[in-house]
Amino acid sequence: MKSKPSGRRRFLKQGAALAGLAAVGRIETARGQERVKLTNPPDSAIIRDPWTGEPLRDPEGNVVADWSGTPEWKAYQDHVRAMGGPLYGGNEKDHRLYGYRSPYVTTFRIGTEGSFNPAPTTVKTPFLSLLSPLQDQLGVITPAGLHFQDDHSFEAPNIDPRQHRLLIHGMVDHPLMLTMEDLMRLPSVSRVHFVECNSNGTLSHANRIQPWATPGDIYGEFSCSEWTGVLLSTLLDMAGVQRGASWIWAEAKDRRNHTKSVPLWKALDDCMVAYGQNGEPLRPEQGFPIRLLAPGFEGVTNVKRLIRIKVTDQPGLFRWEARTYTSLRPDNKIRWFQFEMQPKSIITRPSPGYPLPSRGFYEMRGIAWSGGGKVRRVEITTDGGRTWKDAQVQEPVYSKAATRFVFPWTWNGEELMIASRCTDDRGTTQPTLAQMAKVWMVEPDWFRKPTSSTWRFNVIQPWKIAGDGKVTNAIFSI
Amino acid sequence: MRFSPFNRFAAVIIVFGGVVTLCGIAALAQTQPARQAQRQTPAIANVGRTPTAEEMAAVDRTVGTTGKELPPGRGTAKEGAAIYARKCAYCHGQNMEGVRQMAGTGALIGGPRLAGAGPPTWAAPASGIKFFAFVTTVFDYIYRAMPPYQPYSLQPDEAYALTAYILFKNDLIREDTVMDRETLPKVEMPNRHSFIPDKLEDIPDIEKRGCYKTYGVCP
């Protein structure tokens with residue numbers, strides 16, 4: 001009778017497939033010069049037919065092995081450079097040692113690949129942009145795991161902080177080379193600031209203008225954290241800036257060596273070399289081990305993986321500031337170096353994704369911010385922009401940081417359009433579409449089909465609430 | 001007595017003397033605690049070290065608009081063509097037309113157009129390197145950041161050759177023009193004066209530029 005052995009053989013083959021990996025070909029991984037190959041399994045890992053003692057083989061004839069528990073598998077896990085490897089947080093973490101969220105909380109960042117069309121993304125898509133889900137941000141601080149990430153090299157490198165150095169040179173009396181330990185000895189500050197990409201809210205991002213666009217789709221390149229580090233003025237004081245200097249060049253050490261020019265007045269004002277974010281060291285995707293923070297300035301100024309600061313008397317005119325972070329005018333002139341992010345605000349509830357389930361009381365709430373300073377005032381309209389009422393701006397109100405605003409309100413089932421408008425302590429306010437069109441020197445309708453990049457688009461963001469409580473993106477309405 | 005010169009002179013002296021005395025008292029009152037504070041805060045000593053010239057040069061490949069940071073070396077468009085075919089064409093295209101990253105494919109291979117388009121205009125905003133105000137931006141980016149994922153792998157001669165080739169393809173220099181640290185900064189870019197503000201020294205002062213008055217979008 002052959003049924004028993006063949007049934008057992010079939011069961012064992014299936015079990016083997018579940019338990020381990022077939023030693024098929026070579027699974028090669030690379031990290032620098034280290035390569036880990038899962039071939040030639042040790043004898044203990046080979047799965048054998050218990051009746052005959054022969055190694056089981058897969059349909060191609062390769063030996064089947066159960067690698068779990070072997071040192072080779074551990075080495076593979078540590079070095080694998082793919083989705084699921086250590087660069088993407090693949091190593092198992094003991095949740096008791098570094099906590100976890102409830103499985104019922106499913107807030108995640110929105111991944112986009114930067115090709116400016118709503119193509120579907122999968123786990124294999126390299127994300128150019130990971131947008132922060134603003135609609136789910138409950139306070140002013142963005143949780144570190146939900147902080148937005150724009151990385152033009154698509155991948156955060158694995159930098160050893162013990163090897164990392166910060167160089168300060170150029171038009172200084174004493175060039176300096178600092179290790180992470182040196183930076184830890186220096187006088188430190190801890191400040192709450194946002195980081196925002198220049199393109200946040202741009203009409204060139206197709207997701208942003210869709211009717212289902214959530215606050216994360218619209219303003220997702222924005223996050224706010226507590227940053228801890230050394231003020232750049234302390235470091236420049238140690239180095240001794242020479243007369244005639246007016247700029248600094250800040251360079252990164254990663255796949256792209258991103259370099260940005262920053263005016264010296266800003267470097268001496270409130271720029272910092274940050275090593276801490278929300279109480280722990282920077283995460284690799286936020287620039288571990290150190291990054292430059294230029295509070296209120298365009299996101300591209302906050303150079304991650306900072307390697308050097310060169311003090312000069314010229315802007316470098318490096319690639320991104322020379323081209324990408326500029327905007328074209330109808331008279332063929334080009335705006336560049338606009339530096340500060342302007343006031344913006346968004347109502348997070350109600351919003352697309354958070355419709356109104358019934359009539360009655362709601363606390364309308366949202367987040368406002370400005371690169372020019374503190375949020376002085378946030379106003380809400382419930383009639384499509386005809387009249388505006390003050391919302392309550394809640395403490396804590398930090399300068400150049402996210403600020404909460406709330407507005408108690410009753411919904412009576414009517415169809416209406418709501419929006420928020422932020423004014424900062426310099427008096428700058430958000431424009432309507434018509435006011436923005438004047439600044440851009442275009443007709444308001446041009447924005448529906450823009451023919452060039454619409455950076456710094458901080459027009460009032462309206463939501464349309466339908467009779468059934470559904471909320472949709474009503475951009476271009478106010 | 002009417003307001004005589006002597007009276008005026010005396011009044012000024014008395015007032016002046018009073019102000020000086022008050023200032024002196026106030027100054028004394030302020031410097032004591034300030035001096036004490038200075039004595040209590042130690043100077044930052046013995047943190048960090050002076051880097052050597054080699055260490056600084058090893059991480060310093062940036063080149064500014066004047067070109068004074070350009071490294072020694074030279075190259076021509078002819079030499080650059082060979083390097084381009086090997087190292088650049090797969091991302092930037094055989095004829096520098098650019099390779100679009102296909103949406104949804106997860107492709108990392110792709111790069112912008114480098115030649116075949118003029119400076120941007122409202123009617124035709126697509127542009128190659130003729131967008132840039134300074135030719136040093138092109139050299140700097142190639143030398144410091146290209147190819148992507150292998151930065152700092154190009155030698156100065158290669159970077160000069162590639163820059164020369166790109167400039168040649170954009171009809172800015174001839175095929176045999178030698179690009180080196182003297183000749184490169186002299187190449188004028190057609191878009192130099194399209195930017196607002198035009199003068200580099202006017203850039204830092206955003207208030208003077210009127211940026212605050214236009215909803216934060218600089219005019």
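At 1% relative accessibility, B:C218 counts as buried, where buried stands for a relative accessible area under 20%, exposed for one over 50%, and partly exposed for values in between, computed with a 1.4 Å probe and with protein chains only. The model is a predicted one, in which local features need pLDDT of at least 70 and side-chain atom pairs count only at pLDDT 80 or more, whereas totals for chains, interfaces and linings use all residues. Residues are numbered from 1 along each chain as its sequence is written, chains are lettered from A and ligands numbered from 1 in the order in which they are written, and side-chain values use heavy atoms, with hydrogens and water left out.

B:C218 is joined to B:C211 in a disulfide, the two sulfur atoms lying 2.1 Å apart; the term is applied to a pair of cysteine sulfur atoms within 2.5 Å. In general, a disulfide is a covalent bond between the sulfur atoms of two cysteines. The torsion about the S-S bond of B:C211 and B:C218 is about 110°, and the disulfide is therefore right-handed. B:C211 is buried as well, with a relative accessible area of 3%. Over all chains, the count comes to one disulfide.

Other cysteines were examined by the same rule. B:C88, which is buried with a relative accessible area of 14%, has its closest cysteine sulfur in B:C91, and the distance of 8.9 Å is too far for a bond. In chain A, A:C422 counts as buried at 0% relative accessibility.

Chain B contains six helices and three strands, helices being DSSP runs of H or I with at least four residues and strands being runs of E with at least two, numbered from the N terminus. Read from the N terminus on, the elements of chain B follow the order α-α-β-α-α-α-α-β-β. Of the 219 residues in chain B, 41% are buried. When contacts in chain B (heavy atoms within 4.5 Å) are taken between residues at least 6 apart in sequence, 53% of them join residues at least 24 apart.

The contact between the chains takes 73 residues from chain A and 66 residues from chain B. The area buried between chain A and chain B, that is, the accessible area (1.4 Å probe) that two parts lose on being put together, summed over both, is about 6000 Å², and carbon and sulfur atoms give 63% of it. Across this interface, 27 residue pairs are found in polar contact, with both residues at pLDDT 80 or more; a polar contact is a pair of N or O atoms within 3.5 Å, where within protein one must be able to donate a hydrogen and the other to accept it, and where residues adjacent in sequence count only if both atoms are side-chain atoms.

Three salt bridges are found across the interface of chain A and chain B, each requiring a side-chain nitrogen of Lys or Arg within 4 Å of a carboxyl oxygen of Asp or Glu.

In the whole structure, the search finds 30 salt bridges over all chains. Among them is the pair of A:K400 and A:D270, whose closest N and O atoms are 2.9 Å apart. A:K400 lies in the loop between β22 (392–393) and β23 (403–411) of chain A, and A:D270 in the loop between α6 (264–269) and β12 (272–277), so the pair ties together parts that are 130 residues apart in sequence. Both A:K400 and A:D270 are buried.

In chain B, the side chains of B:E158 and B:K87 meet in a salt bridge with an N to O distance of 3.1 Å. B:E158 belongs to helix α6 (residues 156–169) and B:K87 to helix α3 (residues 77–87) of chain B, so this pair ties together parts that are 71 residues apart in sequence. B:E158 is buried, with a relative accessible area of 16%, while B:K87 is partly exposed at 23%.
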